[in-house]
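Here are a few friendly notes to read alongside the model. Take them one at a time, with the structure open beside you.

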Amino acid sequence: MIVEIRNRQRTQPVDLPLLKSITLQVLEEHLELTEVELGIHLVSAREMARVNQQYLQHEGSTDVITFDHSPIPVARPTVPTPIHGELFICVEDAQEQAVEFGTSWQEEVVRYVIHGILHLCGYDDLKPAPRREMKQEESRLLRKVAKVHDLERIGRQMKRTPTTRKRRTAS
């Protein structure tokens, strides 16, 4: 199981170890996936717009983009093994949608992680019926992780340890 998360935005501080822990919980405990290679990129609206234009020929930013790198993409909702993909998540879009939906940006980020993973498992959201099915699964998984984790903590600044501070002042 390989999950790498890169924070390439500066809009909000993100507790990356907590987000990784939540992601692993979804993958291992709730979806029972065993072979996963997943990259998650937290990006700015500007970078998301660039990715959206370059790879999907869509203008502007969006909340989440999933790239499936599996040799044979899954066509139906299932739990494939292995999955191999990348998620691009826009924290600024999460902030905007949090206001619109009355949630927090942290909850939106977790929702986007789950959404992207479900796409890698074969869920689709282009037509109304499959979209409803995907949304139900997304909400079910979000409720499960929210019972275990305080999602608001994702937005907390990591405390520096004395070693980290010492290292910064020494160089």
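This is a predicted model: local features need pLDDT of at least 70, side-chain atom pairs count only at pLDDT 80 or more; totals for chains, interfaces and linings use all residues.

1. Residues are numbered from 1 along each chain as its sequence is written, and side-chain values use heavy atoms, leaving out hydrogens and water.

2. Now look at phenylalanine 67, which counts as buried at 15% relative accessibility. Its ring and that of phenylalanine 88 have centres 5.7 Å apart and planes at 85 degrees, so the pair is edge-to-face. (Rings of Phe, Tyr and Trp, the last by its six-membered ring, pair if their centres lie within 6.5 Å; planes under 30 degrees apart count as stacked, over 60 as edge-to-face and the rest as tilted.) Phenylalanine 88 is also buried, with a relative accessible area of 8%.

3. How many aromatic pairs are there by this rule? The count comes to two. In the other pair, the rings of tyrosine 55 and phenylalanine 67 have centres 5.4 Å apart and planes at 75 degrees, so this pair is edge-to-face. Tyrosine 55 lies in helix 2 (residues 45-56) and phenylalanine 67 in strand 3 (residues 64-68), so the pair ties together parts twelve residues apart in sequence. (Helices, H or I of at least four residues, and strands, E of at least two, are DSSP runs numbered from the N terminus.) Tyrosine 55 is partly exposed, at 47% relative accessibility. Tyr55, Phe67 and Phe88 form one aromatic cluster.

4. Which residues of helix 3 (residues 91-101) are buried? They are Val91, Asp93, Ala94 and Ala98. These residues cover an arc of only 145 degrees around the axis, which puts them on the same side of helix 3. (The arc is that of the directions from the helix axis to the C-beta atoms.) On the other side of helix 3, Glu96, Val99 and Glu100 are exposed. Just after helix 3, glycine 102 takes a positive phi of about 70 degrees.

5. Finally, the largest nonpolar core has 38 residues, of which Leu19, Leu38, Leu42 and Val110 touch the most other members. (Such a core is a set of buried Ala, Val, Leu, Ile, Met, Phe, Trp, Tyr and Cys residues joined through side-chain atoms within 4.5 Å.) Helix 4 gives the largest share of this core, nine residues.

Terms used:
Buried means under 20% relative accessible area, exposed over 50%, partly exposed in between (1.4 Å probe, protein chains only).
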